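Here is a short report on helix packing and a ligand site. Please have a look at the structure first.

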Amino acid sequence: MISVGSVLTAYLCFNQLLKPLEELHRIFDEVSECTVLATDFFKMTEIGYDFSYSPSAPVEQHWTSGGMISMDNVTFSYPENEDKVILDDFSIGVENGAYLGVAGPSGCGKSSLIKAICRLEKTGGTITIDGAELSSLSRKAIAGIVALVPQTPFLIAGTIRENITYGLDREVSDAEVEAAAKRAYIYDYIDSLPERFDTLISEGGGNLSGGQRQRIAIARIFLRRPKILILDEATSALDNTSEKHIQAEIEKMQAEDGTTVIAIAHRLTTLKSCDRIIVLNGGKIAEDGKFDELIELGGMFSDMYYGRMR
Ligand SMILES: Nc1ncnc2c1ncn2[C@@H]1O[C@H](COP(=O)(O)OP(=O)(O)O)[C@@H](O)[C@H]1O
Ligand SMILES: [Mg+2]
């Protein structure tokens, strides 16, 4: 059975699933006046109540100042396991155009933190994006400003070109698609295929390696140029050289656009250029600083960096 989590994670790749999402919203719009029907619909599909859907939430949000994120006294635990606190009175301010790194031991709640920001989990406390409270925003509105690249990106059944351009609300030229593929370090591979950008990808991207899927998802980002970019171990399946190259391209885009970037790193070296790194532990910020400062601190971050187990 497909879990609610995987459906929501699929939505989370907003730009990739914007079209079906729009369809879903259309359906919801049609049924929203009939709660009974909506309830049946969720029962039938075994999808939990979608708390993010509110008929009054504006679908079009006019973003103003940019990609500022603020979390105040956010608390969170999964309903399935309420005793385990994932975010414990957690507060952070991320300025517009900042580059925040998030580190911490496996299972400490890094991905959950991201899900909270994208409104894929319901939390206590307050989260705002660009001054707008998350609870007042529809997922579609959030998708207009936030792009997330998860560790295992979702690919659609279609050509490579369709996958790179999926969900974009504008026409893109072949030259643009090729440039994005080059920046994502996947152009040479695509170019080596007999049908190049017309090569078919199977549903879920099963005929591609994990690294190739990650590169295709990242190529989308270079076309989309989101205001807020969230990378959740987005280059974990890449070799060091490709990762460095892509990292440099992302940093270039950030410098050009003033993108707010939140990066959860698999390899801590990718966090070297961050303005700030937080180490998450026990639902709180355990360490906070720049890369060199955290190494010097000799705490969890440096232990993780030098591979010392705690
Ligand atoms: N959908 C879920 N339901 C219940 N528990 C979950 C769910 N997703 C993650 N968890 C638990 O929450 C904790 C934090 O998970 P996660 O945010 O994925 O950590 P990280 O990304 O830092 O590895 C883990 O203990 C994990 O088992
Ligand atoms: Mg994770």
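## About the model

This is a predicted model, where local features need pLDDT of at least 70, side-chain atom pairs count only at pLDDT 80 or more, and totals for chains, interfaces and linings use all residues. Residues are numbered from 1 along each chain as its sequence is written, chains are lettered from A and ligands numbered from 1 in written order, and side-chain values use heavy atoms, without hydrogens and water.

## H7 against H9

Helix H7 (residues 174-183) and helix H9 (residues 210-224) have axes that come within 8 Å and cross at roughly 125°. H7 and H9 are therefore oblique to each other (under 35 degrees is roughly parallel, over 145 roughly antiparallel, 65 to 115 roughly perpendicular, the rest oblique). Glu 176, Val 177, Ala 180, Ala 181 and Arg 183 of H7 meet Ala 219, Phe 222 and Leu 223 of H9, with contact meaning heavy atoms within 4.5 Å.

## H9 against H10

H9 also packs with helix H10 (residues 240-257), at about 20° and with the axes 11 Å apart. H9 and H10 are therefore roughly parallel, and their crossing is left-handed.

## Ligand 1

Around ligand 1 there are 13 residues, and Gly 107, Gly 109, Lys 110, Ser 111 and Ser 112 are the closest (a heavy atom within 4 Å). A polar side-chain atom of Ser 111 lies 2.9 Å from a ligand 1 oxygen atom, while a polar side-chain atom of Tyr 78 is 3.3 Å from a nitrogen atom of ligand 1.

Notes: Axes fitted to C-alpha atoms, helices over the stretch in contact; angles between N-to-C directions. Helix = DSSP H or I, 4+ residues; strand = E, 2+ residues; numbered from the N terminus. Polar contact = N/O pair within 3.5 Å; in protein donor to acceptor, adjacent residues only side chain to side chain. Left-handed = near helix turned anticlockwise from the far one by under 90°.
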